[in-house]
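Subject: Structure handover

Hello,

The structure I promised is below, with the sequence alongside. Please open it first and keep it in view while you read the notes that follow.

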Amino acid sequence: MTFISNLINGISLGSVYAIIALGYTMVYGIAKMLNFAHGDVIMVGAYMAFCAMSYLSLPPIAAILLAMAVCTVLGIVIEALAYKPLRKASSLAVLITAIGVSYLLQNIALLIWGSAPKSFNSVVGFDSISLFDGRLIITSETVVTVIACIVIMLGLTLFTKKTKIGKGMRAVSEDKDAAELMGINVNVTISVTFAIGSALAAIAGVLLCSAYPTLMPTTGSMPGIKAFTAAVFGGIGSIPGAMLGGILLGLIEIFSKAYISTALSDAIVFAVLIVVLLVRPTGILGKKIAEKV
Amino acid sequence: MSKDKMVPVPSNAIVPERDINKIPILETHHLGIDFGGLKAVDEFSITVGRTEISGLIGPNGAGKTTVFNLLTNVYQPTRGTILLDGKSTAKKSTAQINKMGIARTFQNIRLFSNMSVIDNVRVGLHNSTNQSLAASLTRLFGYKTSERKSLEEAMELLSFFHMDDMANRQAGSLPYGAQRRLEIARALATRPGIILLDEPAAGMNPSETAELMENIRRIRDNFNIAVMLIEHDMNLVMNICEGICVLDHGKVIAKGSPDEIRSNPKVIEAYLGKKKGGVEGGEE
C-alpha cells in the first residue's frame, strides 16, 4: 500500500513538473532559448494567488485566474523587454539574460513580500479520498493536479494541431525564416508562446503550493530547475516529451525519497538525467538530429 | 496563354504586351546591397508584368538568390526601392511583404518536414483564413467553418499538383520531386501576386523538368499571377520565360526576350569567358 501511495504522490509531483516543463519546452521549441526565469514566474503566480485569497478574499478560482492573467502579462513583458532585443544575439547572451531576469524576479519578490515563508492555503476545497479503510489516502490536491495536467496536455496538443496560431507555432519551431515567408508574424508567435507558458506556470505555482504549502521568493527556483531537467529528460522541444519527463522525474524523486534517502533524492534525480543524456543525448522522445554531411 | 511579344514600357523595361496597361506586379529601382565592402547586388532595376514568367539567370555567385532575399526583405536593401503592385515594400517585415503579395520557394527545400503535407499548405493559407486567437478559442462554430474552408482550399491546391493522395503523409517523407511541388503549393497558398522560384528544377531529371515547365505555365494561367524564377537549366529558361534578366557579379548585364539573351555577347562572355585570350570557362 505504501508503494501505491508513493506511486500516486510521484505522479502528482510529476504532473506539476510536467506543467512547468511544458513552458520550458514550448519556449525552447519556438524561440530556441532556455528561459531560466520560468521557475520564478511560478513563484510570482503563487504569490498572486496567495495575495488574492488572503488579502482580497477572492474565491480560489478567481485567485487562479488572476494569477494566470498576471503571469501571462509578466511573460509577455519579460519577453518583450529582455529577450526580444536579443533575438539576433548569441544564445549565451540570451541565457545569461534569462538568469538575470530570474534573480531580478526573486529579488523583487523579496522586496515586496519579504523573506519569511508565507503559509499557502490550498485552493482545493473538497476532502481527500480514503480507500481500503483509510490505508490509502489520495489527497484532493493530487486529484486536481493530475486532472489539471491531463487537461492541459490534451488542450495544448489540440491547440498546436488544430488552430491557426498553433500551426504557426509548429511552423516557426521548424523553420523560422520559411514561416516568416508564409506570412507568419514570428514576433507575435513567440509572444503567444511566452503567454501560454507563463499562464501554465501560474497554474503550476498554485498547484505546487497547494501540495507543499510554503511560499517564499525562492520557491520557484528548485521546481524550475527540475522541470527544466524533466524537459531535457523527455526531449526538449517536444510536448509529450515534457509530459513524460515530468512524470518520470516526479516518480524517481518520490521513490528515491521513500526507498533510498531523502537527503540524496535530488542528487539521484540529476544523476539519472546525466545517465539518460549519455545514452540518449536528445532525451527520451527527442528528435534525432541527422546532420547533413 | 501562349508566349506574348515583349514590348517596352516606361523606365526602360519590357513586359508582355498583355500586361502593358496594368501596374507591373514588381518593379525595382537601383536596388542594391553591400556585404561589408562588397557590392553583392548593385543597380538592380527590373519590371515584371502582372502575368509574366520571367527568369533571373547568371553564373554561380552572381547574386541571384540575394536578389530574392532582397525582394522578400530577408536582407534589408542598402539602397534602391522595391514596388510591389505599385506600393513600396520599404520598412515592411518579411511576413508583411508576403501578405502584400510575394511568395517564394528555396534553393534547398525548406518544408516543415515534421508536419503533414496538408498542414504545410494550411500554414501557407494562414494569411487568408480569418481566424484570430479569440475566434479559435471562443467562436467554435466560426472556427469550424473556417477550418473546413481552409481544408478544402488546401486539398484543391494539392490536387492542382496531383498530390491529393499524399495529403496526410509527413512532408519530410515525400520523394524529392513531390517535396519540390509541395513547396510551390505551400507558397501559392499565401495567394501571392508573384511567386519567386529559386532553382525549381535543381536535381530533376528531364521528364520531371518537363512536368515542372508545364506546372509553371499552369500556375500562371490558372492563378493569373507572375512567376519569377532563378534557374540554371537553360532549356527550361529559354522555353518558358518571356523576359530574362542576366546577372553577373551583382550587376544586370542584359535584359530581354530569350532570343535577345541567347545572342547577347555580354551574356555569352559571362557564361563562357572572353573569346580572345580568355581560356577561363564559366562555372556552368
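**Helix packing in chain A**

In H3(A), the residues Ile64(A), Ala67(A), Met68(A), Cys71(A), Thr72(A), Gly75(A), Ile76(A), Glu79(A) and Tyr83(A) make contact with Ile190(A), Ser191(A), Phe194(A), Ala195(A), Ser198(A), Ala199(A), Ala202(A), Ile203(A) and Val206(A) of H8(A). By kind, the residues of this contact are 13 nonpolar, four polar and one charged. Please note that the model is predicted.

Two packed helices are described by the angle between their axes and the distance between the axes. For H3(A) and H8(A), the angle is about 140° and the axes are 7 Å apart. Are the two helices oblique or roughly antiparallel? Only angles over 145 degrees count as roughly antiparallel, so H3(A) and H8(A) are oblique to each other. Their crossing is right-handed.

One residue from this contact can be looked at on its own. Ser191(A) lies in helix H8 of chain A, which covers residues 186-211. Buried means under 20% relative accessible area, and Ser191(A), at 18%, is therefore buried. Neighbours within four places in sequence aside, Ser191(A) touches Ile76(A) and Glu79(A). Both of these partners are listed above among the H3(A) residues that meet H8(A).

A second pair in chain A is H9 (residues 221-234) and H10 (residues 239-260), whose axes come within 7 Å and cross at roughly 120°. H9(A) and H10(A) are therefore oblique to each other as well, and their crossing is right-handed. On the H9(A) side the contact is made by Lys226(A), Thr229(A), Ala230(A), Phe233(A) and Gly234(A). On the H10(A) side the residues are Gly241(A), Gly245(A), Gly246(A), Leu248(A), Leu249(A), Ile252(A) and Glu253(A). Sorted by kind, the residues of this contact give five nonpolar, five polar and two charged.

An α-helix has 3.6 residues a turn, so residues three or four places apart point the same way.

**Chain B as a whole**

Chain B has 10 helices and 12 strands. Of its 284 residues, 54% are buried. Its accessible surface comes to about 12900 Å², and 52% of that belongs to carbon and sulfur atoms. Among contacts in chain B between residues at least 6 apart in sequence, 67% join residues at least 24 apart.

**Some places in chain B**

Leu26(B) belongs to strand E3 of chain B, residues 26-35. What is the relative accessible area of Leu26(B)? The value is 0%, so Leu26(B) is buried. Not counting residues up to four places away in sequence, Leu26(B) touches Ile46(B), Thr47(B), Val48(B), Leu71(B), Ile82(B), Leu83(B), Leu84(B), Ile102(B), Ile194(B) and Met228(B). One of these, Ile194(B), is 168 residues from Leu26(B) in sequence, while the C-alpha atoms of the two are 7.9 Å apart in space.

Gly177(B) gives another pair of distances to look at. Thr66(B) is 111 residues from Gly177(B) in sequence and 25 Å away in space, C-alpha to C-alpha. Gly177(B) sits in helix H6 of chain B, residues 176-188, and is buried, with a relative accessible area of 14%.

Which residues of H3(B) are buried? They are Val117(B), Ile118(B), Asp119(B), Asn120(B), Val121(B), Arg122(B), Val123(B), Gly124(B) and Leu125(B). That is nine of the nine residues of this helix (residues 117-125), so the helix is largely enclosed by the rest of the structure.

**Two positive phi values**

Ser57(A) has a positive phi of about 50°, although it is not a glycine. Ser57(A) is in the loop between helix H2 (38-54) and helix H3 (60-83) of chain A. Its relative accessibility is 57%, so Ser57(A) counts as exposed.

In chain B, Glu199(B) is a residue other than glycine with a positive phi, near 50°. Glu199(B) is found in the loop between strand E9 (194-198) and helix H7 (206-223) of chain B. Is Glu199(B) buried or exposed? With a relative accessible area of 13%, Glu199(B) is buried.

Regards

Definitions and conventions: Residues numbered from 1 in each chain as written. Chains lettered and ligands numbered in written order. Predicted model: local features only at pLDDT ≥ 70, side-chain atom pairs only at ≥ 80, totals over all residues. Heavy atoms only, no water. Helix = DSSP H or I, 4+ residues; strand = E, 2+ residues; numbered from the N terminus. Buried < 20%, exposed > 50% of the residue type's maximum accessible area, 1.4 Å probe, protein only. Contact = heavy atoms within 4.5 Å. Axes fitted to C-alpha atoms, helices over the stretch in contact; angles between N-to-C directions. Parallel < 35°, antiparallel > 145°, perpendicular 65-115°, else oblique. Left-handed = near helix turned anticlockwise from the far one by under 90°. Nonpolar A, V, L, I, M, F, W, Y, C, P; charged D, E, K, R; others polar. Areas by Shrake-Rupley, 256 points an atom, 1.4 Å probe, with all protein chains shown as cover.
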